[in-house]
Amino acid sequence: MPMKEVAHQPQAVWEALQAGNKRFVEEALQRPNLDTVRRMELRSGQSPRAVILSCSDSRVPVELVFDVGLGDLFVVRTAGEILDPSVLGSIEYAIKSLEVDLVVVMGHESCGAVAATAEALDGGAIPDGLERILIEKVAPSILEARARGMSTTDDYERQHIEETVVQIKHRLWSLRDRIDDGRCAIVGLRYRLSDGATELVIADGVSP
């Protein structure tokens, strides 16, 4: 079912994304909402069903991973899916002005930002210039993971996704209100490069 036909409900949108990812994994893509008719529909405005904060990594093509098309998702991408005021503002715009039904944080397997941060914390080189910001933003997640007894890169990636979800909920009251009354939900996912599947890390407002 094309995303534009999915009910405006967090659970329905979540299930549609899961179904799209299943098609991606099984190489049964429908490639919906990519024709001229859809482009013409979107000239007058957009009504995406979800906002997705994803890593900028070129191996993580968000719309392909969920088999969706034009106008279906509002996508924000940063290296390491890190947060800053402009990212939070973009997410809040999607929640308040576009009235998305679902917020998604999607990290991924073999994340370079996570690996570089772990190496830096172990005494490795810290990048010069603005790249240093990435290390500073991801470090608290890895330190929390280690405090909980975790030691693998996979664990660090999952912890960083969870910490990012928690930060978004803490800093965006508009999202908390909508989760409380059922208008919106948030999930944290980890995309596996190895098989193309997304694994659920954390969720609030929807059932797995």
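**View 1. The largest pocket holds about 180 Å³ of space.** A pocket, on a 1 Å grid over the protein atoms alone, is an open set of points where a 1.4 Å probe fits, with protein on both sides within 12 Å along at least five of seven lines. Its volume is the space filled by probe spheres set on the points, which are joined across faces, edges and corners. This is a predicted model: local features need pLDDT of at least 70 and side-chain atom pairs count only at pLDDT 80 or more, while totals for chains, interfaces and linings use all residues. Residues are numbered from 1 along each chain as its sequence is written, and side-chain values use heavy atoms, with hydrogens and water left out.

View 2. Lining residues have an atom within 4 Å of a point, and among them are E81, I82, L83, K137 and H160. Helix α7 gives the most to the lining, with five residues, and α6 (132–147) also supplies at least two. By type, the lining splits into three nonpolar, four polar and four charged residues. Here Ala, Val, Leu, Ile, Met, Phe, Trp, Tyr, Cys and Pro count as nonpolar, Asp, Glu, Lys and Arg as charged, and the others, Gly among them, as polar.

**View 3. Helix α7 runs from residue 153 to 171.** Helices (H or I, at least four residues) and strands (E, at least two) are DSSP runs, numbered from the N terminus. From first C-alpha to last, the 19 residues of α7 reach 27 Å, close to the expected 27 Å (1.5 Å times one less than the number of residues). Its buried residues include Y156, E157, H160 and I168; buried means under 20% relative accessible area, with a 1.4 Å probe and protein chains only.

View 4. D57 sits in the loop between β1 (50–55) and α3 (62–65), whereas H108 belongs to strand β3 (102–108). With 1% relative accessibility, H108 counts as buried. Setting aside residues up to four places away in sequence, H108 touches C55, D57 and E157, among others (contact means heavy atoms within 4.5 Å).

Definitions and conventions. Buried < 20%, exposed > 50% of the residue type's maximum accessible area, 1.4 Å probe, protein only.
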